[in-house]
Number of protein chains: 2
Amino acid sequence: MPSHYKGRRDTLRALNAYINLARASDSLLGRMSAELERNGLTMGQFGVLETLLHLGPMCQRMLGQKLLRSGGNITLVVDNLEKHGWVRRERQRDDRRMIVIHLTPQGRKLIEGVFPEHAQAIKKEMSVLEPREQESLRRICRKLGRGGERLREQQRKREKEHDTDSTK
Amino acid sequence: MPSHYKGRRDTLRALNAYINLARASDSLLGRMSAELERNGLTMGQFGVLETLLHLGPMCQRMLGQKLLRSGGNITLVVDNLEKHGWVRRERQRDDRRMIVIHLTPQGRKLIEGVFPEHAQAIKKEMSVLEPREQESLRRICRKLGRGGERLREQQRKREKEHDTDSTK
DNA sequence: ATCTAATTGTTTAATGTTAAACGAATATGC
DNA sequence: GCATATTCGTTTAACATTAAACAATTAGAT
């Protein structure tokens with residue numbers, strides 16, 4: 001069946017790319033997570049602290065969007081960071097729904113110390129790849145992520161249209 | 001400081017590759033997970049069923065190695081699959097420590113139906129990449145994964161040596 | 001043979017994650 | 001202005017995942 005052949009070839013290529021992507025990121029993130037926990041930080045906590053350090057104070061909603069995490073998750077992570085005294089919540093005056101999260105001096109000191117170590121660990125892991133391969137990986141993954149967003153937006157649009165249709 | 005410059009450049013390249021890899025796989029796996037749940041399967045359950053389908057009956061230990069999951073996790077996933085009647089446990093006669101997991105006819109039927117759908121969903125996600133890019137992604141991720149295994153083995157060796165030293 | 005190691009699977013406690021339901025605050029339509 | 005809808009953060013219930021402690025079984029050393 002030569003007509004099935006190309007489809008099968010395409011599917012196999014996609015499957016192989018997918019499975020290797022999934023396994024590589026799974027094992028890599030696992031190791032990076034263990035590295036951070038040696039410094040007393042979870043992956044989620046590190047993500048929030050690093051975002052606040054590099055992008056400045058920010059409300060929880062925005063943190064969730066940046067980190068691709070749910071609102072409930074951000075609430076919990078910020079709770080734990082607050083317990084450690086690494087961040088503080090500050091309600092906004094003009095829109096009291098929003099809470100802006102700020103790094104405390106201790107939090108800033110912590111993340112400023114941990115981030116370079118973490119970056120070096122990542123550099124070491126990536127050193128099995130040639131510079132050119134690292135750049136390819138970045139470009140391809142960026143494209144793949146954007147592709148997903150595009151698909152998601154289309155889906156949202158479809159859902160909204162569907163909603164409108166069904167409610168009229 | 002020209003002596004710092006190259007190191008910084010290397011670090012930035014590694015960091016960019018890492019962050020894009022992490023985000024791409026995070027969002028991609030999230031969407032694939034949602035797709036499977038529409039068929040009543042979790043990612044872990046799908047992984048076990050798919051492995052059994054393509055590699056045949058297998059003990060739990062081996063499943064954990066193939067899927068990069070802990071023993072406790074495999075126990076739970078197999079429990080749930082067993083409750084649904086999709087797999088059965090069979091104790092081995094010659095070595096009663098091992099339990100071989102078999103697909104039941106219903107389980108086989110299920111995974112034989114779900115797998116092609118899932119493969120098509122993956123193909124669609126990957127279609128934002130050119131065939132050549134998919135092959136690059138596969139090759140680079142494979143290399144990155146192997147690199148991790150190599151690092152891990154070295155670490156294990158170091159730990160064993162350390163153990164020997166500390167116990168003598 | 002017997003004592004010790006290692007291996008396999010299970011259980012438990014802790015944590016991270018999400019979706020859904022909810023209250024509070026704000027924006028919008030009329 | 002008032003009613004309704006939307007947005008933001010929180011809480012809750014459910015589940016996945018892991019590490020660590022454990023029991024059962026087998027392998028190895030002597």
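This is a predicted model: local features need pLDDT of at least 70, side-chain atom pairs count only at pLDDT 80 or more; totals for chains, interfaces and linings use all residues.
Which residue of β3(B) does Arg89(B) stand opposite? The points below take this up after the overall arrangement.

1. Relation of the two protein chains. Chain A superposes on chain B by a rotation of 180° with 0.0 Å of shift along the axis, and the RMSD is 0.0 Å. The two copies are therefore related as by a two-fold rotation axis. Both copies use the same surface, since 100% of the contact residues of chain A recur in chain B.

2. The contact between chains A and B. On each side the count is stated: 42 residues of chain A are in contact with 42 residues of chain B. On the chain A side, the elements that each supply at least two residues are α1 (2–37), α5 (105–126) and α6 (131–167). The largest share comes from α1(A), with 19 residues. Sorted by class, this side of chain A has 20 nonpolar, 10 polar and 12 charged residues.

3. DNA strand C. There are 22 residues around DNA strand C, and those that come nearest are Gly44(A), Gly72(A), Arg96(A), Arg61(B) and Gly72(B). Two or more residues each are given to this surface by α2 (43–55) and α4 of chain A and by α3 (60–67) and α4 of chain B. The element that gives the most is α4(A), with 5 residues. The surface near DNA strand C divides into 6 nonpolar, 10 polar and 6 charged residues.

4. DNA strand D. Around DNA strand D there are 23 residues, of which Arg61(A), Gly72(A), Thr75(A), Gly44(B) and Gly72(B) come nearest. Here the elements giving two or more residues are α3 (60–67) and α4 (71–83) of chain A, along with α2 (43–55) and α4 (71–83) of chain B. By class, the surface near DNA strand D has 7 nonpolar, 10 polar and 6 charged residues.

5. The axes of α2(B) and α4(B) come within 10 Å and cross at roughly 85°. This makes α2(B) roughly perpendicular to α4(B). From α2(B), the contact is made by Gly44(B), Gln45(B) and Val48(B), and from α4(B) by Asn73(B), Val77(B), Val78(B), Asn80(B) and Leu81(B). The contact of these two helices has 4 nonpolar, 4 polar and no charged residues. Gly44(B), part of this helix contact, is also listed among the residues that come nearest to DNA strand D.

6. The sheet of chain B. Chain B has an open sheet of 3 strands in the order β1-β3-β2, with antiparallel pairing. The edge strands are β1 (58–59) and β2 (87–91), each of which pairs on one side only. Strands of a sheet pair through backbone hydrogen bonds, either parallel or antiparallel.

7. Pairing within that sheet. β2(B) is joined to β3(B), residues 99–103, by 5 bridges, and the two run antiparallel. The opening question is settled here: Arg89(B) stands opposite Ile101(B). Glu90(B) has Val100(B) as its bridge partner in β3(B). On the β1 side, β1(B) and β3(B) pair in the antiparallel sense over 2 bridges. Cys59(B) has Val100(B) as its bridge partner in β3(B).

How values were computed. Residues are numbered from 1 along each chain as its sequence is written. Chains are lettered from A and ligands numbered from 1 in the order in which they are written. A residue is near a molecule or strand if its C-beta atom, placed from the backbone, lies within 6 Å of it. Helices (H or I, at least four residues) and strands (E, at least two) are DSSP runs, numbered from the N terminus. Ala, Val, Leu, Ile, Met, Phe, Trp, Tyr, Cys and Pro count as nonpolar, Asp, Glu, Lys and Arg as charged, and the others, Gly among them, as polar. Copies are superposed by least squares on the C-alpha atoms of residues with pLDDT of at least 70 in both. Two residues are in contact if their C-beta atoms, placed from the backbone, lie within 7 Å. Two strands pair if DSSP finds at least two bridges between them. Axes are lines fitted to C-alpha atoms, for helices over the stretch in contact, and angles run from 0 to 180 degrees between N-to-C directions. Angles under 35 degrees count as roughly parallel, over 145 as roughly antiparallel, 65 to 115 as roughly perpendicular and the rest as oblique.
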